[in-house]
Amino acid sequence: LKDLQAAETRMLRCDCSFTKHFIPVSNGCQLWTLACGGAGSRGKTPLVLLHGFGGGVGLWVQNLDALSRGRPVFAVDLLGFGQSSRPHFSKDPRRAEDQFVEAVEQWRAKVGLESMILLGHNLGGYLAVSYSIRHPGRVKHVILVEPWGFPERPDSSEADRPVPVWIKALGAVFSPFNPLAGLRLVGPLGPSLVQTFRPDLRRKFTSMFTDNTVSEYIYHLNVQTPSGEAAFKSMRGEYGWAKRPMLQRIHRLRPDVPLTVVYGSRSSIDCDAGGALKELRPYSHVEIMTIRGAGHYVFADQPEDFNQRVSQVCETVD
């Protein structure tokens, strides 16, 4: 854990002033939280960032300065990930999801946020909608960045059809986070493994780092007790499909909760879910944005464009 703390400190080279805290939630657990925002952000709806599978607050390093100029920003390590507590999760996908969501709600109450703009990447996007279904009065806008877990698995009658390329690519998308057991197995060689299999991750942050800071941070994020990893495993099935696809439940999201979906033009993630959201919510605000030149990690691939687009969405809230 000390190595993770040191790696995160090296990652967070931001101009914005921020504070870091452990926020207590139930069962003795804590969520690691980074908060930033200048005097000009007072009175604005806070923006809360939820990372994806295997991620942590440090991966938002290229976004915190720009996003916090206009409002308070909170980046949270999800329960079971990063520096947050790593409890035992239920193997039942519904209960595991409930544990994630309830931790976010308890965190919100402890921090004292009446309402927020909820932005989630990957798994964080799935949990952002799950949270908003249950607590719609606390959410003014949901921003989904390359969200996981929305489409339904194809009907069994289509079993003989070739598996779509984007599904096969999920393994690459989640790498180096999946399988994480490999990182734990190789021990100190883990950072080198990350550099070997995902050299593009270093390139995403070249404007800030010329060394191995990013790969070391990712390594230390994911060699801790595999708590959130185990929960995610229980929530997904073969080829990465969610066992409880969010599109099946999107009708339960209150119509007055606006959605913005952000995709990277070079991502291998299927963007059809965005179109499905528009069809399933014909009387609600659903906007789909595509950021040119970006892959799955949109916020790191094209941070300036991403920050500008997200800031514009946030301004519509206030």
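**Salt bridges and their cut-offs**

The structure holds 14 salt bridges. The model is predicted, so local features need pLDDT of at least 70 and side-chain atom pairs count only at pLDDT 80 or more, while totals for chains, interfaces and linings use all residues. Residues are numbered from 1 along each chain as its sequence is written, and side-chain values use heavy atoms, with hydrogens and water left out.

Me: What makes arginine 10 and glutamate 216 a salt bridge?
Reply: A salt bridge needs a side-chain nitrogen of Lys or Arg within 4 Å of a carboxyl oxygen of Asp or Glu. Here the N to O distance is 3.1 Å, so the pair meets that definition. Arginine 10 sits in helix 1 (residues 2-11) and glutamate 216 in helix 10 (residues 213-221), 206 residues apart; helices are DSSP runs of H or I with at least four residues, numbered from the N terminus.

Me: Why is glutamate 97 called buried?
Reply: Buried means under 20% relative accessible area, exposed over 50%, and partly exposed in between (1.4 Å probe, protein chains only). Glutamate 97 has 0%, so the label is buried.

Me: Why is aspartate 256 called exposed?
Reply: Its relative accessibility is 52%, so aspartate 256 falls in the exposed class. Aspartate 256 forms a salt bridge with arginine 254, the closest N and O atoms being 2.8 Å apart.

Note on methods
Helix = DSSP H or I, 4+ residues; strand = E, 2+ residues; numbered from the N terminus.
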